[in-house]
Amino acid sequence: MNRFSEITERKGTRSVKWDLAEELYQDSDVLPMWVADMDFKAPEAVVQALTQRVEHGIFGYTLADEPLKTAIINWLDRRHDWNVKKDWITYSPGVIPSLHMAVQSLTEKNDAIMIQTPVYPPFSSVVNDHDRTLVENPLVLNDGIYSIDFTDFESKIRDYQVKLFILCNPHNPVGRVWNGKELKQINDICLKHGVKVISDEIHADLIYPGHTHIPLAALSKEASNNTITCLSPTKTFNLAGLQASYLIIENEKVRGLVTDYFNKQGMFMLNTLGITAMESAYLHGEEWLEELIETLEMNRNYVTKRLHEETETLQVIPAEGTYLLWIDCRKLNLSQPELISFMKKKAKVGLNEGASFGEEGAGFMRMNIAAPKKLIEEGVSRIIQAVNNK
């Protein structure tokens with residue numbers, strides 16, 4: 001059996017995706033295709049490394065040592081042609097904690113921070129939670145493709161005196177992998193106006209053929225000096241529960257500010273098993289990843305083909321990266337509450353509702369396609385049947 005076709009029972013494992021679904025959707029028959037983790041087992045090499053570490057039986061304080069940094073550096077060089085130095089790496093339990101620490105250490109109360117909606121909900125909450133001023137540069141949807149309104153981007157940076165910009169690349173939920181020209185324009189405008197950039201690149205390894213992930217910080221020395229990059233193997237290798245991520249920060253002063261803030265919050269050590277998993281994934285997970293991307297591409301194409309051919313109302317936005325599909329449901333002519341209820345009660349599929357990503361997401365739903373084909377087929381069939389019987 002293909003490793004990505006095996007269905008593994010996840011109920012009863014304290015899985016947020018599966019064990020919280022009944023409470024969230026008020027129906028045990030709803031098929032969960034929402035939260036961004038995968039229904040695939042992690043690479044065999046990672047499981048073996050974790051098993052060996054567990055069998056040792058002692059889980060004391062653990063070093064994130066030089067071999068771990070070497071594994072990270074070699075991965076970024078091999079997969080993204082990015083030459084990173086060991087001193088630039090600092091660790092974090094996750095990208096969301098990294099966003100909180102960076103916002104607090106690099107800005108002051110009421111400072112303006114820009115995001116590009118519709119976007120991963122913590123981007124807005126991390127600004128509002130710390131009493132910063134939220135500035136939105138909505139993405140523009142034309143002919144099924146999202147782009148950046150650079151006129152609005154620069155004018156709002158100038159008008160609101162934006163101090164920090166949070167970039168999502170690849171973009172969650174719309175699936176864009178920003179190209180070199182777009183990234184250069186972002187970088188040039190931010191440098192011109194003295195705006196620091198946090199670049200969330202957690203989906204960087206999940207790129208479909210025909211597209212290339214370019215780390216913003218890899219554009220130039222100036223870009224690297226102005227960018228805080230958040231990365232992790234957790235999305236790539238389905239390790240989210242092990243809480244292990246890292247930041248790449250070349251600018252010594254900025255790195256010091258962010259690291260000091262982590263230390264002041266008592267966040268200065270990674271999970272023992274997270275360290276083991278991170279190193280093993282980067283050393284031995286590449287073949288697994290290549291097979292994963294092939295599987296995700298087939299799932300993406302399958303969902304897109306069926307929804308486009310078997311309904312007249314649903315449009316899948318072409319995903320260039322991530323395992324998340326952004327589905328335009330506006331032709332159903334349902335209000336946001338009606339759309340949520342329709343997917344939950346009629347289709348019995350648990351999706352992320354678009355408005356949670358910003359008001360521009362109203363009328364959209366986000367689907368997680370990182371699951372065995374049988375589950376994908378079931379979810380798509382439920383949606384098509386509900387839509388056509390509406």
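**Exercise 1. The nonpolar cores**

Task: Determine how many residues the largest nonpolar core has and which of them have the most contacts inside it.

Solution. The largest nonpolar core has 73 residues, and Tyr246 and Ile383 are those with the most contacts inside it. Helix 13 (residues 286-310) supplies the largest share of this core, 8 residues. A second, separate core has 25 residues, including Leu167, Leu183, Cys190 and Leu216. A nonpolar core is here a set of buried Ala, Val, Leu, Ile, Met, Phe, Trp, Tyr and Cys residues joined through side-chain atoms within 4.5 Å. Buried stands for under 20% relative accessible area, exposed for over 50%, and partly exposed for values in between (1.4 Å probe, protein chains only). Helices (H or I, at least four residues) and strands (E, at least two) are DSSP runs, numbered from the N terminus. As a general background, nonpolar side chains tend to be buried together in soluble globular proteins.

The model is predicted: local features need pLDDT of at least 70, side-chain atom pairs count only at pLDDT 80 or more, and totals for chains, interfaces and linings use all residues. Residues are numbered from 1 along each chain as its sequence is written, and side-chain values use heavy atoms, with hydrogens and water left out.

Task: Identify the residues with which isoleucine 383 is in contact, leaving aside its neighbours within four places in sequence.

Solution. With contact taken as heavy atoms within 4.5 Å, isoleucine 383 touches Leu307, Leu314, Met343, Ala347, Val349, Leu351 and Met367.

**Exercise 2. The packing of helix 13 and helix 15**

Task: Describe how the axes of helix 13 and helix 15 cross.

Solution. Two packed helices are described by the angle between their axes and the distance between the axes. The axes of helix 13 and helix 15 come within 10 Å and cross at roughly 15°. Axes are lines fitted to C-alpha atoms, for helices over the stretch in contact, and angles run from 0 to 180 degrees between N-to-C directions. Helix 13 and helix 15 are therefore roughly parallel to each other, a description used for angles under 35 degrees. The crossing is right-handed, a term for a near helix turned clockwise from the far one by less than a right angle. On the side of helix 13, Asn299, Tyr302, Val303, Arg306, Leu307 and Glu310 take part; in helix 15 they meet Lys373, Ile376, Glu377, Val380, Ser381, Ile383, Ile384 and Asn388.

**Exercise 3. Salt bridges**

Task: State how many salt bridges a search of the whole structure finds, and examine some of them.

Solution. The search finds 24 salt bridges, each a side-chain nitrogen of Lys or Arg within 4 Å of a carboxyl oxygen of Asp or Glu.

1. Glutamate 6 pairs with lysine 41, the closest N and O atoms being 3.4 Å apart. Glutamate 6 lies in the segment before helix 1 (16-19) and lysine 41 in the loop between strand 1 (31-32) and helix 3 (44-56), so this pair ties together parts that are 35 residues apart in sequence. Glutamate 6 is partly exposed at 30% relative accessibility, and lysine 41 is partly exposed at 48%.
2. Glutamate 286 and arginine 79 form a salt bridge of 2.9 Å, N to O. Because glutamate 286 is in helix 13 and arginine 79 in helix 4 (residues 66-80), the pair ties together parts that are 207 residues apart in sequence.
3. Lysine 373 and glutamate 377 form a salt bridge with the closest N and O atoms 3.8 Å apart. The two residues are 4 residues apart in helix 15 (residues 373-388), so about one helical turn separates them.
4. Arg10, Lys17, Asp37 and Asp39 are linked in a network of salt bridges.

**Exercise 4. Backbone exceptions**

Task: Which peptide bond is cis with omega near 0°, and which residues other than glycine have a positive phi?

Solution. Most residues other than glycine have a negative phi, and most peptide bonds are trans. The bond from threonine 117 to proline 118 is cis, with omega near 0°; proline 118 is in the loop between strand 3 (112-115) and helix 6 (122-128). Another cis bond joins asparagine 172 and proline 173, with omega about 25°. Proline 173 is in the loop between strand 7 (162-168) and helix 8 (180-192).

Arginine 14 has a positive phi of about 65°, lies in the segment before helix 1 and is exposed at 81% relative accessibility. Asparagine 238 has a positive phi near 60° and lies in the loop between helix 10 (234-237) and strand 10 (245-248). Asparagine 238 is buried, with a relative accessible area of 18%.

Definitions and conventions: Angles under 35 degrees count as roughly parallel, over 145 as roughly antiparallel, 65 to 115 as roughly perpendicular and the rest as oblique.
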